[in-house]
Amino acid sequence: MRPLWRCRNCGAEWPCQPARLGLLVEYRDDRTALLVYLAALMTEADHQLGQLHPGRRPELTDRFLTWARARG
């Protein structure tokens with residue numbers, strides 16, 4: 001749900017756990033493409049959330065990118 005960046009199904013901050021799992025499955029063969037996609041969405045979310053809450057910039061790196069990095 002934009003501009004709030006919440007999941008339409010569960011209401012948690014997007015990407016929620018089910019969304020993360022779905023994205024990992026969808027991009028299982030191209031982690032780099034997943035990170036590029038998430039970075040673009042993070043930029044959009046930063047802009048929209050910044051407009052909703054002027055003067056308060058949320059930290060979005062962990063929410064959008066850190067979890068998606070390859071492990072190991």
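D46 is partly exposed, with a relative accessible area of 23%. The model is predicted, so local features need pLDDT of at least 70, side-chain atom pairs count only at pLDDT 80 or more, and totals for chains, interfaces and linings use all residues. Residues are numbered from 1 along each chain as its sequence is written, and side-chain values use heavy atoms, with hydrogens and water left out.

D46 sits in helix α2, which covers residues 31-52. Helices are DSSP runs of H or I with at least four residues; strands are runs of E with at least two; both are numbered from the N terminus. Beyond its neighbours within four places in sequence, D46 is in contact with R57, P58 and L60. A contact means heavy atoms within 4.5 Å. The C-alpha atoms of D46 and W5 are separated by 9.8 Å. Along the chain, these two residues are 41 residues apart.

The chain as a whole has 3 helices and 0 strands. From the N terminus, the order is α-α-α. The radius of gyration is 13 Å, close to the 11 Å that the globule rule gives for 72 residues, so the chain is as compact as a globular protein of that length. This radius is taken over C-alpha atoms, and the rule is 2.2 Å times the number of residues to the power 0.38. Along its principal axes, the C-alpha trace spans about 40 × 25 × 15 Å.

Of the 72 residues, 32% count as buried. Contacts with a separation of 6 or more were also examined: residues 24 or more positions apart account for 54% of them. The chain exposes about 5,100 Å², and carbon and sulfur atoms supply 52% of this area. Accessible areas come from the Shrake-Rupley method with a 1.4 Å probe; for residues, only the protein chains shown count as cover.

The chain carries 11 positive and 8 negative charges, and their mean positions are 5 Å apart. Lys and Arg count as positive, Asp and Glu as negative; His and the chain ends are not counted. Each charge is placed at NZ of Lys, CZ of Arg, CG of Asp or CD of Glu.

R63 belongs to helix α3, residues 61-64. This arginine is buried, with a relative accessible area of 12%. Not counting residues up to four places away in sequence, R63 touches L4, W5, E13, W14, P15, R20 and L49. Two backbone oxygens approach polar atoms of the R63 side chain. The oxygen of W5 lies 2.5 Å from one such atom. For the oxygen of W14, the distance to a polar atom of that side chain is 2.8 Å.

W5 lies in the segment before α1. At 3% relative accessibility, W5 is buried. Its phi is positive, about 55°, although W5 is not a glycine.

One joins R2 and P3, with omega about 10°. P3 lies in the segment before α1, a helix of residues 17-26. Another cis bond runs from W14 to P15, with omega near 0°. P15 also lies in the segment before α1.

Methods: Buried means under 20% relative accessible area, exposed over 50%, partly exposed in between (1.4 Å probe, protein chains only). A polar contact is a pair of N or O atoms within 3.5 Å; within protein, one must be able to donate a hydrogen and the other to accept it, and residues adjacent in sequence count only if both atoms are side-chain atoms.
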